Amino acid sequence: MEVESGAFVEKARAALDDATLQHALKHIKHGFVEARANAAARLPDFEAMRDRARDVKAHTIAHLADYLEQFEANVTARGGKVHWARDAREARAIIHGICRAAGARTVTKSKSMVTEEIELNPYLEEHSIEPIETDLGEYIIQLRGEKPSHIIAPVIHLSKDQVADTFHEHHGRHGFHTRLTERSGMVREARSILRQRFVKADVGITGANFLVAETGSAVVVTNEGNADLTASLPDTHIVVTGIEKLVPTLDDCHLMLRLLPRSATGQDITAYVSFFTGPKRTDDLSGPSSFHVVLLDNGRSDMMGTEFEEMLRCIRCGACLNHCPVYSNIGGHAYGSVYPGPMGAVLTPSLAGIDKAGHLPNASSFCGRCEAVCPVRIPLPKLMRHWREREFERHLSPSGTRWGLRAWSMIAASPRLYRSMQWTASRFLRLIASNGWIRRLPLAGAGWTGERDMHAPAGNSFQHQWRKRGGRR
Amino acid sequence: MQTKPEAALFVTCLADLMRPEVGFASASLIEAAGFDVVVPRGQSCCGQPNYNSGDRRAARSMARRTIELLEPYEYVVVPSGSCAAMIKVHYPLLFDEADALFGKAQALAGKTEELTVFLERHGYTPDAAPAAVRVAYHDSCSGLRELGIRHQPRALLKRSPSLELLELAEPEVCCGFGGTFCVKYPDISGRMAENKTADIAATGAGIVAMGDVGCLLNIEGKLRREGRDIRACHVAELLAGMLERPDGR
């Protein structure tokens, strides 16, 4: 998994200065945050459902091997095939093998962050297979040569105008020469192009929101219906997803399906919920004749039994991104990872290594709103803190920070040192203040005064003054 | 004559250094609630900066120190949601259940209260009602989400008949302080603060009150940098009628 988090600070700065992006990000508040709050308020049971969902997922992860076996047995019994991929390379090779056997030239795709994780598209292109993204958002970023900036709304960073430009630039070769600016017209144009691609595709690749162990089904939710066309029209359907997407029963899946859209988009239910169970049966009118499920590990099983196991409960709703004050101010691209925001801050270092993802678990104010909205109650701040601990133990945190923390803990441990430090700091701050305010601080303080003033303390420390006044100690 | 119960004030290092007034305001409110205030000597930092930066070992030793320092007192009051949450929520997580300190951490967690929670629970009524003011209240993230502090400060403020309490558009959104976050990621933190001061200004309030000195320094500094004529204060300063400051602001 490619991670470019090293330039996080610079990219975040650029994002804050990007007026178009800032305007686009404003949609999060109304489109996601308020919508989720309303959806949750409409369902009195919502909080209890979150508890149950947490328990279902925790139980599944604790017995993952058993449920995976059950899932494989049920897929096989219905004429499908399960493939196990230890890492991205294996997953790509398996998918390529299936495509080659099907003589595939073009592949339609829908709803798969995991194929982003394993960087499938460039690999298929290298092997002369054309991948065609069919979710409108994914389609747009594929045309633009970009990466998704949100796990469920990949083009949240774009304005309608930018999309109009993109369509105008790329749709000419399909005979569309007018630059459309009206939403429904733009969608109609994209749909008419994609319809042709759906019909001609040799293989359809989808992700899965859930896998149901008791039936061997892969479940996909969409609002555009494109996953159905991706899965049903070509002769081969490949589901590519992570091993943690499993739930034991259809009842469990139903619970998840009530939580997912409400948490993600504030919808009570998405327009389409599709259960794909094996290939076309003899009396089915349509459907693929071969059905494959590629189950990706890619570091997931290594999380089991560690403090990061709880992250495997994630159902990829994106609520933590939408409610994160960092994500909602800088968007997803600054994180340099397929998985941005709080869930990405925990997952990315698990999948790619903390040495490659250093900023991600640190770029959080620990406000805790992500945990407060997570449908499966993943304690994201706690898990980010655990990554910070790993970084600290491995001496990956900046030496200035380490030195400062060490000095601070020594000062705090000694009343005398602490007293003289407070006295000195207080005097210093009052000395450099003018009219009680400080406009510029040295060293780490520059980060503070770059953005805001600092009010100098009115006098010596409270404890000093309390002692002088003869207060009880 | 019956003696008053004793309450220990854990003032927090940030209030100790940056905002001594918050210490005095807290002490006077705790007294007004019927307690004798003790400021245990030798108190320093609860260990939160180290804990949140991944330095668990130092955090544990700072916690041990604080636990032992506050052990003798029946009531411990902290004028900060985040430091109170550190003690109440996180201290017990720092020790193995077999460790003797685990039980002590739990005992401290059980008797420690954030200031407004303490005042509200002991039926404190403000006697020095502040002059008629329009006040916006800012919830600190730790207090709100880790300790469920929401109605207590509002209830206390609403008992002042001349005070009009105003709500921010997005009370659940962080102001961008976040401890070391604000100096590690100043650009992002600064934008978060800017969004917050815009929300504060939109209420038309002349004062914004809150329960944490961290948020206070952040919001106050941003308001000042933006040249907004809005005063920021700790809710304790407002309740204790201690808003006048030497600089005359």
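This is a predicted model: local features need pLDDT of at least 70, side-chain atom pairs count only at pLDDT 80 or more; totals for chains, interfaces and linings use all residues.

Modeller: Leaving aside neighbours within four places in sequence, Phe8(A) touches Ile330(A), Ala334(A), Tyr335(A), His359(A), Leu360(A) and Ala363(A), together with Tyr185(B) and Ile188(B) of chain B. Phe8(A) belongs to the largest nonpolar core, a set of 96 residues, and is listed with Met311(A), Ile330(A) and Ile188(B) as having the most contacts inside that core. Helix H13 (residues 250–264) of chain A supplies the largest share of this core, seven residues. A second, separate core comprises 65 residues, including Phe462(A), Ala209(B), Leu239(B) and Leu243(B).

Burial can also be followed in strand E3 (residues 75–78) of chain B, where Tyr75(B) and Val77(B) are buried on one side and Val76(B) and Val78(B) on the other, leaving both faces covered. Strand E1 (residues 6–9) of chain B runs parallel to E3(B) and is joined to E3(B) by three bridges, with Ala7(B) opposite Tyr75(B). Strand E4 (residues 112–114) of chain B also pairs with E3(B) in the parallel sense, over three bridges; here Val76(B) has Thr112(B) as its bridge partner.

Chain B also contains a helix pair: the axes of H4 (residues 56–70) and H6 (residues 100–111) of chain B come within 10 Å and cross at roughly 60°, in a left-handed crossing. Arg64(B), Thr66(B), Ile67(B), Glu68(B) and Leu70(B) of H4(B) meet Leu101(B), Lys104(B), Ala105(B), Leu108(B) and Lys111(B) of H6(B). By class, this contact has five nonpolar, one polar and four charged residues.

Notes
Residues are numbered from 1 along each chain as its sequence is written. Chains are lettered from A and ligands numbered from 1 in the order in which they are written. Side-chain values use heavy atoms; hydrogens and water are left out. Axes are lines fitted to C-alpha atoms, for helices over the stretch in contact, and angles run from 0 to 180 degrees between N-to-C directions. Helices (H or I, at least four residues) and strands (E, at least two) are DSSP runs, numbered from the N terminus. A crossing is left-handed if the near helix is turned anticlockwise from the far one by less than a right angle, and right-handed if clockwise. Contact means heavy atoms within 4.5 Å. Ala, Val, Leu, Ile, Met, Phe, Trp, Tyr, Cys and Pro count as nonpolar, Asp, Glu, Lys and Arg as charged, and the others, Gly among them, as polar. Buried means under 20% relative accessible area, exposed over 50%, partly exposed in between (1.4 Å probe, protein chains only). Two strands pair if DSSP finds at least two bridges between them. A nonpolar core is a set of buried Ala, Val, Leu, Ile, Met, Phe, Trp, Tyr and Cys residues joined through side-chain atoms within 4.5 Å.
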